[in-house]
Amino acid sequence: MLAVLANPSVKNASNTVTVNPVIGVKSVTATAAAIFAGASVLANRKKMILRNEDPAIRCRVGPATVSQQSGFPIEPGGVLEITFDPVTAISIFAISEGASIQMAVMEL
């Protein structure tokens, strides 16, 4: 469960949530593919949170060239949080190190 608390003393507004989150569960296979929560990448997103839902298979994330041997590993049950500059569109790709797995995705 994600709790967002209002704080009137927030000094850096760029770190605050200003849109409703988009959530989804995506299948990640042994072929690298762009990963995002909804039908398309959330415009002006500030953050993406990924959770490997598989109990046994690791996945990797990175640029379009990510492979089963390269990229940042997310262990089974592991979570990765990525912060973005909302004015710069960046694609994130994911690949499973084995069979197809499920990845929970939230974009803010």
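I count two strands as paired if DSSP finds at least two bridges between them. Strands (E, at least two residues) are DSSP runs, numbered from the N terminus.

The model is predicted, and I took local features only at pLDDT of at least 70 and side-chain atom pairs only at pLDDT 80 or more, while totals for chains, interfaces and linings use all residues. Residues are numbered from 1 along each chain as its sequence is written, and side-chain values use heavy atoms, with hydrogens and water left out.

Entry on the sheet. I looked up the strand order and found E1-E8-E3-E6, an open sheet of four strands with antiparallel pairing.

Entry on E8. I checked the cover of strand E8 (residues 101–107): five of its seven residues are buried, that is, under 20% relative accessible area with a 1.4 Å probe, protein chains only. Strand E1 (residues 22–28) runs antiparallel to E8 and is joined to it by seven bridges. Strand E3 (residues 47–52) is also antiparallel to E8, with five bridges.

Entry on single bridges. Met106 in E8 is the bridge partner of Ile23. Met106 is also the partner in E8 of Ile49. In E6, Ile49 has Glu81 as its bridge partner. E3 and E6 run antiparallel and are joined by five bridges.

Technical notes: Buried means under 20% relative accessible area, exposed over 50%, partly exposed in between (1.4 Å probe, protein chains only).
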